[in-house]
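Dear colleague,

I am handing over the structure we spoke about, which you will find just below. After it I have set out what was found, and I would be glad if you read the notes with the model open beside them.

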Amino acid sequence: INQLASETKLPYRLITEAEWEYFAIMPFAESIFSSQYIVEWCSDYYGDYLEKEQINPQGPSSGNTYVVRSYSPDNKKWKRQKRASTYSTKYGGSEATIRIAISADQIQ
């Protein structure tokens with residue numbers, strides 16, 4: 001992602017966990033999630049959230065594990081997991097997805 005951002009001069013980044021959750025509740029997401037097992041890395045460090053309603057909640061500002069969200073169509077369950085900060089081949093390749101984003105306020 002850093003190399004792509006450098007080459008295009010655009011501020012690409014991983015999606016946040018809040019963005020992942022927002023996408024997951026959209027009507028068209030059901031057709032995407034219903035047919036395939038998805039494991040997706042998020043930019044947030046793993047940790048607890050405040051017990052109150054929030055807009056675009058942020059996880060901890062630092063840590064050594066990241067949030068990975070997944071969905072299994074077999075049992076129709078969402079999972080929130082933590083993964084080490086290094087990208088491992090166990091969760092890479094065909095088993096993991098990264099979705100990149102650009103914040104709307106950074107588009108010119």
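**What was found**

Read along the sequence, the protein chain follows the pattern α-β-α-α-β-β-β-β, which comes to three helices and five strands; helices (H or I, at least four residues) and strands (E, at least two) are DSSP runs, numbered from the N terminus. This is a predicted model, in which local features need pLDDT of at least 70 and side-chain atom pairs count only at pLDDT 80 or more, while totals for chains, interfaces and linings use all residues. Residues are numbered from 1 along each chain as its sequence is written, and side-chain values use heavy atoms, with hydrogens and water left out.

**Confidence**

The mean pLDDT of the protein chain is 79, and 87% of its residues reach 70 or more, pLDDT being the predictor's confidence in each residue, from 0 to 100. Confidence is highest in helix 1 (residues 2-8), at a mean of 90, and lowest in helix 3 (residues 29-33), at 72. Where pLDDT is low, the predicted coordinates should not be read in detail.

Three strands form an open sheet in the order 2-3-4, with antiparallel pairing; two strands are taken to pair if DSSP finds at least two bridges between them. Strand 2 (38-45) and strand 4 (77-84) stand at the edges with a single partner strand each, so one side of each is left without a neighbour in the sheet. From one strand to the next the twist averages 25°, where axes are lines fitted to C-alpha atoms and angles run from 0 to 180 degrees between N-to-C directions.

Strand 3 (residues 65-72) pairs with strand 4 in the antiparallel sense over eight bridges. Within this pairing, Thr65 stands opposite Ala84, and Ser70 has Lys79 as its bridge partner. The hairpin of these two strands has four residues between the strands, and there Lys76 takes a positive phi near 50°. Lys9, which is not a glycine, also has a positive phi, of about 60°, and lies in the loop between helix 1 and strand 1 (13-14). For context, most residues other than glycine have a negative phi.

Gly63 is found in the loop between strand 2 and strand 3, and its C-alpha atom is separated by 9.6 Å from that of Ala84, 21 residues apart along the chain. Arg80, placed in strand 4, is 12 residues from Val68 in sequence and 6.1 Å from Val68 in space, C-alpha to C-alpha.

**Burial and surface**

Of the 108 residues in the protein chain, 31% are buried; buried means under 20% relative accessible area, exposed over 50%, and partly exposed in between (1.4 Å probe, protein chains only). Lys9 counts as exposed, at 69% relative accessibility, whereas Gly63 is partly exposed, at 45%.

On the surface, Ile1, Leu4, Ile98 and Ile100 form a nonpolar patch with about 290 Å² of accessible area together. Patches are made of residues with over 30% relative accessible area and no salt bridge, like charges being joined within 9 Å and nonpolar side chains (Val, Leu, Ile, Met, Phe, Trp, Tyr) within 5 Å, and accessible areas come from the Shrake-Rupley method with a 1.4 Å probe. Ile1 itself, in the segment before helix 1, counts as partly exposed at 34% relative accessibility.

**Salt bridges**

A salt bridge is a side-chain nitrogen of Lys or Arg within 4 Å of a carboxyl oxygen of Asp or Glu, and by this rule the count comes to five. One of them joins Glu19 to Arg13, with the closest N and O atoms 2.7 Å apart.

Another joins Glu21 to Arg69, with the closest N and O atoms 2.6 Å apart. This pair links distant parts of the chain, since Glu21 is in helix 2 (residues 17-24) and Arg69 in strand 3, 48 residues apart. Glu21 is partly exposed, at 38% relative accessibility, whereas Arg69 is buried, at 8%. Both belong to a network of salt bridges that links Glu17, Glu21, Arg69 and Arg80.

The side chains of Glu40 and Arg99 also meet in a salt bridge (2.7 Å, N to O). Glu40 lies in strand 2 and Arg99 in the loop between strand 4 and strand 5 (100-101), so the pair ties together parts that are 59 residues apart in sequence. Here Glu40 counts as buried, at 2% relative accessibility, and Arg99 is partly exposed, at 23%.

With kind regards
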